[in-house]
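Here is a short briefing on the structure below.

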Amino acid sequence: MSGNITGIEKLHIVGGAEDRTAITNGNAAKNKPLVVCFGELLIDFVPTVGGVSLAEAPAFKKAPGGAPANVAVGVSRLGGSSAFVGKVGDDEFGYMLADILKQNNVDNSGMRFDRTARTALAFVTLKADGEREFMFFRHPSADMRLHESELNTNLIKQANIFHYGSISLIEEPCKSAHLAAMNIARKSGSMLSYDPNLRLPLWPSPEAARKGIMSIWDQSDIIKVSEDEITFLTGGDDPYDDNVVMKKLFHPNLKLLVVTEGSEGCRYYTKAFKGRVPGIKVKPVDTTGAGDAFVSGLLNSLASDSKLFQDEKRLRDALLFANVCGALTVMERGAMPSLPTKTAVLDALNKHSASKK
């Protein structure tokens, strides 16, 4: 695939027992601000029943996953314009994932297909409370093998917001590709958005994870972290202490730091103000993708209103919208399938407002 792809292009790949044709779409809406998401796209295998270990699961349901890809689909489902940049295997799962992005109106012209590594797999167990445990198959997986030379630079330059996680920082050559993509986006005037999305089993050690995640911290304009990630990154400090957050995690270039608190909502910190936005109560079935849904809701608002940081009322409205995105996602199994539409979020917001009167 060339770095400059427009319209719809058929990519003919010869390899294995048969020739394959992948469909890529380079149709990010030109009249909408574009959110470009960089990183991993994989298959989640989720038990068909909740509250069991992997060994106890009677069967698994496959679902598309990978935090950055979830965010791209989430933005698109909310009516925004999004694109994904990353690598999958030259295999059935890889082509399935490319097609799922296309079906969800995500520009997938930044996707690449690796002949020597498989698409990543993750087995995700859902415990009785809906929380997750992971087992990954990445030895190595295709997402880790994205090279800087394979980046669709023209697509990245179009980004109003360039969003990424930390998993793509674990191994070369993907780490160098990640840093290069951030540099391209920054030089093009993109806002940089970071959700560390800590997955400790994927890192060589806790120390490597802490160092790797913090290595790009000061370059981001927007950062979303969870309470658990604050505790991990600060070496055990109280995640509810504003002084800890401001002294250890806020940096001079940061426009917005958001701390998610699950069903309780979120806290926000800017240079000018800080506060808390409560969540809405729902019955959780599967928390997979809730944080990604929150991020997609926030980024969709920011893409169309880049001055949101300067108006606390508008920021609080955007964070409540993002909270509802997360809440609706936990009511169904699987991340991507349960990401909400804008209509569903607005309906839930209206019910929430009515219930408070």
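Leucine 319 is in contact (heavy atoms within 4.5 Å) with Val258, Cys266, Tyr268, Val277, Phe294 and Leu298, leaving aside its neighbours within four places in sequence. This is a predicted model: local features need pLDDT of at least 70, side-chain atom pairs count only at pLDDT 80 or more, and totals for chains, interfaces and linings use all residues. Residues are numbered from 1 along each chain as its sequence is written, and side-chain values use heavy atoms, without hydrogens and water.

- The largest nonpolar core has 56 residues, and Leu41 and Leu319 have the most contacts inside it.
- A nonpolar core is a set of buried Ala, Val, Leu, Ile, Met, Phe, Trp, Tyr and Cys residues joined through side-chain atoms within 4.5 Å.
- Buried means under 20% relative accessible area, exposed over 50%, partly exposed in between (1.4 Å probe, protein chains only).

**Helix 5**

- Helix 5 spans residues 206-214; its buried residues are Ala209, Gly212 and Ile213.
- Helices (H or I, at least four residues) and strands (E, at least two) are DSSP runs, numbered from the N terminus.
- On the other side of helix 5, Glu207 and Lys211 are exposed.
- Strand 11 (191-194) and helix 6 (227-233) are among the elements covering the buried residues of helix 5.

**Proline 252**

- Proline 252 sits in the loop between helix 7 (242-249) and strand 13 (256-260).
- Its relative accessibility is 67%, so proline 252 counts as exposed.
- The C-alpha atoms of proline 252 and aspartate 218 are separated by 8.0 Å, and the two residues are 34 residues apart along the chain.
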